[in-house]
Amino acid sequence: MKSKATQSQYTASDKESPIIFNLASAKGFEMIYKKYYRKMFNVAYGILGNIPHSESIVHDVFLSIWERRNQITVQQSMEGYLVGATKLAVLTHIRNTNNSRKHLKLIKDKSELTENKVDQDYEAQELQEKLDALVVELPEKCRNVYHLSRVKGKNNREISKELSISEKTVEAHISKALRHLRRHLKQIGFLFF
């Protein structure tokens, strides 16, 4: 016997047992729960492959139906309605889970970048302090040439003119400074140049 669905009430189709389910009554709701829980669980589990999540989704679907029991009008078979609601809930769960994972990954990546930047900044500062201390140990003319070359970025010709020394002398001072720095940085464990 086929009949049209009414608000909060559903008459089973020919394929289902001829029972009138009243969603507004606890007894009618319980009958629907017992009859369709396994089917809904199988749908959710078939997509997710996770028992606790599947159970939780089915319970959430039933809770939503119970909370809206006075407003629901089922215009298809009850099974079709419940399976559709379950699939929608599963898709929402997947979307929310994927969004959460993306956000967590972004937060984690950003956190790691920040930690790496802090570590790199600290190491760069530490290295610079060691370099500065080693440069101070150089003889004054050698230190001046190194400073003009490596800090000011001047080429050998410019340094030669500025200090009134030959380019060969500039090269000799730079080589001496670099040997000094390499030797001492290697002793303290830094690879440099």
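Reader: OK, how many salt bridges are there?

Author: The count comes to five salt bridges, where a salt bridge is a side-chain nitrogen of Lys or Arg within 4 Å of a carboxyl oxygen of Asp or Glu. Keep in mind that this is a predicted model: local features need pLDDT of at least 70, side-chain atom pairs count only at pLDDT 80 or more, and totals for chains, interfaces and linings use all residues. Residues are numbered from 1 along each chain as its sequence is written, and side-chain values use heavy atoms, with hydrogens and water left out.

Reader: Why would side chains pair up like that?

Author: Side chains of opposite charge can pair when their charged atoms come close.

Reader: Is Lys39 buried, partly exposed or exposed?

Author: Lys39 is partly exposed, because its relative accessibility is 38%. The cut-offs are under 20% relative accessible area for buried and over 50% for exposed, with partly exposed in between (1.4 Å probe, protein chains only).

Reader: How far apart are the closest N and O atoms of Glu162 and Lys154?

Author: They are 2.5 Å apart, in another salt bridge. Glu162 is partly exposed at 43%, and Lys154 is partly exposed at 29%.

Reader: Switching topic: how many aromatic pairs are there?

Author: There are six aromatic pairs. Rings of Phe, Tyr and Trp (its six-membered ring) pair if their centres lie within 6.5 Å; planes under 30 degrees apart count as stacked, over 60 as edge-to-face and the rest as tilted. One of the pairs is Tyr33 with Tyr37, tilted because the planes are at 35°, with the ring centres 5.3 Å apart. These two tyrosines, Tyr33 and Tyr37, are four residues apart in helix 1, about one helical turn. Tyr33 is partly exposed at 27%, whereas Tyr37 is buried at 15%.

Reader: What about Phe41 and Tyr45, how are their rings arranged?

Author: Phe41 and Tyr45 are stacked, since their planes are at 15°, and the centres lie 5.8 Å apart. Both are in helix 1, four residues or about one turn from each other. Phe41 counts as buried at 8% relative accessibility, while Tyr45 is partly exposed at 36%.

Reader: Which residues do ring pairs link into a cluster?

Author: The cluster holds Phe29, Tyr33, Tyr37, Phe41, Tyr45, Phe62 and Trp66.

Reader: Last one, zooming out: what's the pattern along the sequence?

Author: Reading along, you get β-β-α-α-α-α-α-α, which comes to six helices and two strands. Of the 193 residues in the protein, 26% are buried.
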